[in-house]
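Have the fold open while you read.

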Amino acid sequence: MNALKDRLASLRRQAGISPPPLIPTDDVRARLGRLLGTRDRSVRRVLPAPVGEQTAMGVFAVEHAWPAESTVSIQLPWLEASIDRERLVCFDTETTGLAGGVGTKAFMIGWAMWCSDHIVTRQLYLTTMGGEDAMLRQFSAALPRDPVFVSYNGKSYDAPLLKGRYRINRQTHPFDDNLHIDLLHPTRRRYRGVWENCKLKTIERELLGILREDDLPGSEAPAAWRDFLQGRCGKNLARVVEHNRQDVLTLTRLLDHLRVEQ
């Protein structure tokens, strides 16, 4: 067989005929594609299905409601006046990095609000990088009149990060003109030294009796979102949604606990 191939090659050279082009195998084609920075168009990539419903290009929303244990106004020991519960916005973000900085984005904003006799949680998250402007506008539009923000370390992390993203998108942010209650500080004053730390997960377990099942740590949220964007896996994004929802629900529970504690 090899002798026949050599004979054919010799006859082509004598006749001035160029050898036929090599047809790459699937493996070789894939390697060439990677070297050239292109994809094999014959292979269709199936993207993971997003959770929730699309509200704008590149933005999806997830909403749930639960009966509220208490709907009356609250009086916190360190505040002079009572606050109507329907003004409260318990919020938290999931971001592309935990260190902060100009390049860090919030790819998810979640919040819980009292609406009549229910607590409603709503979460907005990005499915494309270009959806940030719409996500920020939707968050602002959903806020009640004269909102009172409630967070856990949000004054130092979440609010400054969102302020920066609002400015980059040339929008007016809602934080400077409204009251912001950061529950980390009263929690630390009361429970520092009682347990090993005052992380929200510790406060949930020791103070509120909340034990999360199959919880995705917040540190793994950026990788889960990137995996979703790159079409590798969407399962962990659903776990990020659940983690974020539990965070904002915990804020409602912790707020009630601090309200009654003197």
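Buried here means under 20% relative accessible area, while exposed is over 50% and partly exposed is in between, using a 1.4 Å probe and protein chains only. Helices (H or I, at least four residues) and strands (E, at least two) are DSSP runs, numbered from the N terminus. As background, an α-helix has 3.6 residues a turn, so residues three or four places apart point the same way.

What covers those buried residues?

Residues are numbered from 1 along each chain as its sequence is written. Since this is a prediction, local features need pLDDT of at least 70 and side-chain atom pairs count only at pLDDT 80 or more, though totals for chains, interfaces and linings use all residues; side-chain values use heavy atoms, with hydrogens and water left out.

pLDDT is the predictor's confidence in each residue, from 0 to 100. The protein's mean is 85, with 79% of residues at 70 or more. A contact is heavy atoms within 4.5 Å.

## Rings that meet

There are seven aromatic pairs, counting rings of Phe, Tyr and Trp (its six-membered ring) with centres within 6.5 Å; planes under 30 degrees apart are stacked, over 60 edge-to-face, and the rest tilted. One of them is Phe-91 with Phe-175, tilted, at 5.7 Å centre to centre and 45° between the planes. Phe-91 sits in strand E3 (residues 88–95) and Phe-175 in the loop between H4 and strand E7 (180–182), so the pair ties together parts that are 84 residues apart in sequence. Phe-91 is buried at 0% relative accessible area, and Phe-175 is buried too, at 5%.

Phe-175 also pairs with Phe-149: the centres are 4.7 Å apart and the planes at 35°, so this pair is tilted. Phe-149 belongs to strand E6, 26 residues from Phe-175, and is buried at 0%.

## The nonpolar core

A nonpolar core is a set of buried Ala, Val, Leu, Ile, Met, Phe, Trp, Tyr and Cys residues joined through side-chain atoms within 4.5 Å. The largest one has 34 residues, and Trp-111, Phe-139, Leu-162 and Phe-175 touch the most other members. E4 gives the most to this core, with six residues. Leaving aside neighbours within four places in sequence, Trp-111 is in contact with residues including Phe-91, Leu-124, Phe-139 and Val-248. Apart from this core lies another of 28 residues, among them Cys-90, Ile-181, Leu-184 and Leu-254.

## An exposed spot in the loop

Is Thr-172 buried or exposed? Thr-172, in the loop between H4 and E7, is exposed, with a relative accessible area of 71%. Leaving aside neighbours within four places in sequence, Thr-172 is in contact with Ser-140 and Tyr-166. The C-alpha atoms of Thr-172 and Ser-140 are separated by 9.0 Å, and the two residues are 32 residues apart along the chain.
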